[in-house]
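Here are my notes on this one, point by point. Have a look at the model first.

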Amino acid sequence: MMDQSTDYHAVVWNEPMIYQLGREGRRGFMVPKVEKEIKAAVGDVVSSIPERIRRKAPPKLPELSEPEVVRHYIRLSQQTFGVDSGINVGVGTCTMKYNPKVNEMLVRSTKISHLHPLQDEETVQGILEIMFRMERFLCEISGMDHFSFQPRGGAHATFTNAQIIRAYHRLNGELEQRNEIVTTVLSHPCNAGSPAVAGFKIVTLYPDNETGMPDIEALKAAVSKRTAGLMITDPYDTGVFDNNIAEYVKIVHEAGGLVAIDQANANCILGRLRIGDVGADLCHFNLHKTFSTPHGCFGPGSAPIGVKKKFSKFLPVPVVTFDGSKYHLDYDRPYTIGKVGEFHGVIPNVLKAYAWIMSMGPEGLKETSEVAVINNNYLVKKLLEVRGVSLPWSKSHPTRMQEARFSLQKLKEETGIGAADINRRIVDFGVQRCFLSHEPWIIPEPITPEPPETTPREDLDRFVEIIHQISDEAYTNPEIIRTAPHNCAISKVDPTPASDPKKWAMTWRAYTNRRKT
Amino acid sequence: MPTHQYVPNSVPRTKKEMLKKIGVKDVNELFAVIPEEIRLTRNLELPGPLSEYEVRRHIETTLSRNKPCNEILTFLGAGCWPHYVPSVCDEISSRSEFLTAYTGDVYSDLGRYQALFEFQSMIGDLVAMDMVGFPVYDWATASGDAIRMAVTVTNRHEILVPKIIDPDKLSVIRACEPLASIKQIDSSPDTGQLDIKDLKEKISSKTAGVYIENPAYLGFIEGGCEEVGEIAHDHGALFIVGVEPLSLGLLTPPGEYGADIVCGEGQPLGMHMYFGGALLGFLACRDDERFVSATGNRWISLTTTEREGRYGFTFVLPERTMYAAREKAITFTGTTTALWAITAAVYMSLLGPHGIREIAEVIMQKSHYAMKQISEINGIRTPIFKFPHFKEFTVNFDKTRKTVHSVNKALLEYGIQGGKDISREFPELGSSALYCVTEVHTKEDVDRLVNALESVVR
């Protein structure tokens, strides 16, 4: 096997905190001037602010010139590993696909960046047309009847769907009785967390030991007249497609509940399965995953929710309508759940995703799911050749969809090296770390890679070779893993402030005040 | 279709070799896990595929029908404001590494963690609070999270908010109602100031928190913040303050008048308006473990590394976030607005302590000039509330017998977008609009508005 070290070393700037770079009197921006006629007309407006509410001392922000600010943040960007930087195959549930540059160029236009959300409809016909057409696209892709772009992330979308479920049962006079949401433990945690924050009780189903899927009988036992709805992810984070999904829908509908399917990771079903056809009442997509918009270091994302016709009256306001010649924003909807965020959602991302769909076309979407699934099963095959790596439930589910959750339990037992250690070592090779698992860890010592369609085969091969080498190290030289990382911008961090209020510092002022005392 | 430029392995030979490795003859074998009866058997009806040139041409043609605020003169604000975005902000926010990274840990993404810690730190300086968290979607979401925090810390279930509040924000706040009932406090019809008598009547031992905003939604400064905070504390309730950040160049930071929790909207700190699509909520609180434990949001802490003198970062109490706590989480969290937080850090470091003060003063001078000039127009009254304003102000058209809708339609003929129509939101204020004037407006812009308004209401 080839040695996978390429003498990679991350940039080490040892960049100080921006506060440490500041020097009194420097400035990075000249504020637009006020005309002398204005000054003469209004006089000293600042002294009109009552003394008791007037700021005494300026905020202690750092003082830097423009070139210093640029250099500082360019250096920080160089110490950040994006999709464009290299292999991100390890980061499952996130769909780290390439973010096309043309889409970025499009949103730099002042024709979108300089639009105010409350402008007269006549002056925003272009963006309304794109929102309207994008809604039609997502309906065609999902089999749903309407979409709202207001939610900005998957958890926000599941929260919005939970509010629609509440509104539906409230209208039927059943909200007090129907206060339970059923979910599965292998669904994304927001399917439990968001409806709980919205006021529901949560019933969680666990996978069967043999099959890795919840038992149909367990679901039948869990639903009752208290069931408000089912909120699950399919395919699961394990990459297993739950082929009982149609049966679940039937069971929950018969019990009077609604069905919301989390389609955040829909990369593997594009053009092959429409959750609306399966009977889902509600769903959501993450444009920052399946639809190629960049992740922005953790947002802004966009997670449009889709609903069947029967539930469109509950959608957040406003919705975009078209009268045959003009587009409108309709706020006058008596059954709406209201607003779930300010204004219309992350519209630049809606535009980027719209551009991506146009670039791919229907064949391209189908090609996306085909190649994503080939990539993943190729990766599964090769990773299972690595000593210490296993794929739980591989007997019942040898084929996985967009990703797979492996276990390093055997490696851990035999060498003491587990998933978190691997993650500290893998970055030494100039690739991004692996996503482990959401909690609870049903699979011990998990890693969950996901190789989207934009990954070249050579990246998959290299990723596997690196895992091979780290596995070898675990068996022969575990110390190199225990002390990792060695080739990164920093060495092993002290994690104790994470849970020690006496040590933690969320701001520079808290940190410096603490040092003084 | 021919090999797509975004999909390297779509070359037929590559696919064939990969399928061979997998051990299947046909790719359809991999999709056999989807039961046949639910599989889509037709092609999706969508346009494309288009070449990059065709995509660009189609979208640019469609967008050309928009009239952005560099083509028409805009006086809209109300939660999304026209401010100048320094070029450095655009440069850094479009850096490929920041744009395309996601959830790497501190070893691969040190720069991302440091930039976000600097965002937390600078917001902390603006609002004078020691604990600042990861950004959230927008001010409305942040105020909802602040309320959930107050309810959890106090274990009480009533929240008081002002009557003068953005109805959209109130709608988001109302999603907290399974947890707490929301009651509204009156304000003085003359000055807009929170009605202390009404506050004292409504506050009780059930009150978890009193939420106010400064400046208020309708633009006036809230002068009695300290007293409101004292009343809240006297009743064992928490004091929550929502702020517009640039105003803090001139206004006392909430941390100095007793706020326990602070939230606000960061869009003015270097984000373009993007049709309301580039918002950035922030949340700060007292340095108290109970407060951090009372939210499911992420917070980054500074820590040390094995190399002497080198900083590292870590997430605080990760077990309380929804990722770990699932249904026990107090707030939902997920992909938020980190790129905008990094951009805001850039903006705050460019402006520095004196730039923030100057821009706040410029905004105040220009908006007061606009009020002064508009108030001289016959039949128009501005501002409705007699108190200093920051950036936004109410304009009343009752004496002109015109609706805001008709005034705004007429202004459009002059290439001007008037203020937000608030006559449905606040019927008691009659035919009124909320106008916004910032550093981007010149004297000429304001004079143009005044001339147009004069003609329109004549």
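Which strands of chain B does helix H9 lie across?

1. H9 (residues 225-234) of chain B lies across S5 and S6 of chain B, and runs at about 150° to S6(B). Helices here are DSSP runs of H or I with at least four residues, strands are runs of E with at least two, and both are numbered from the N terminus. Angles run from 0 to 180 degrees between N-to-C directions, with axes fitted as lines to C-alpha atoms, for helices over the stretch in contact; contact has C-beta atoms, placed from the backbone, within 7 Å.

2. Bear in mind that this is a predicted model: local features need pLDDT of at least 70, side-chain atom pairs count only at pLDDT 80 or more, and totals for chains, interfaces and linings use all residues. Residues are numbered from 1 along each chain as its sequence is written, while chains are lettered from A and ligands numbered from 1 in the order in which they are written.

3. Now the sheet in chain B: seven strands, open, mixed pairing, in the order S2-S8-S7-S6-S5-S3-S4. Pairing takes at least two DSSP bridges between two strands. S2 (131-132) and S4 (181-185) of chain B are the edge strands, each pairing on one side only.

4. At the S4 end, S3 (residues 158-162) of chain B pairs with S4(B) in the parallel sense over five bridges. There, Val161(B) sits opposite Gln184(B) of S4(B).

5. Helix H6 (residues 139-154) of chain B lies across S3, S5, S6, S7 and S8 of chain B, at about 170° to S7(B).

6. As for chain A, expect 17 helices and 11 strands.

Conventions
Two residues are in contact if their C-beta atoms, placed from the backbone, lie within 7 Å.
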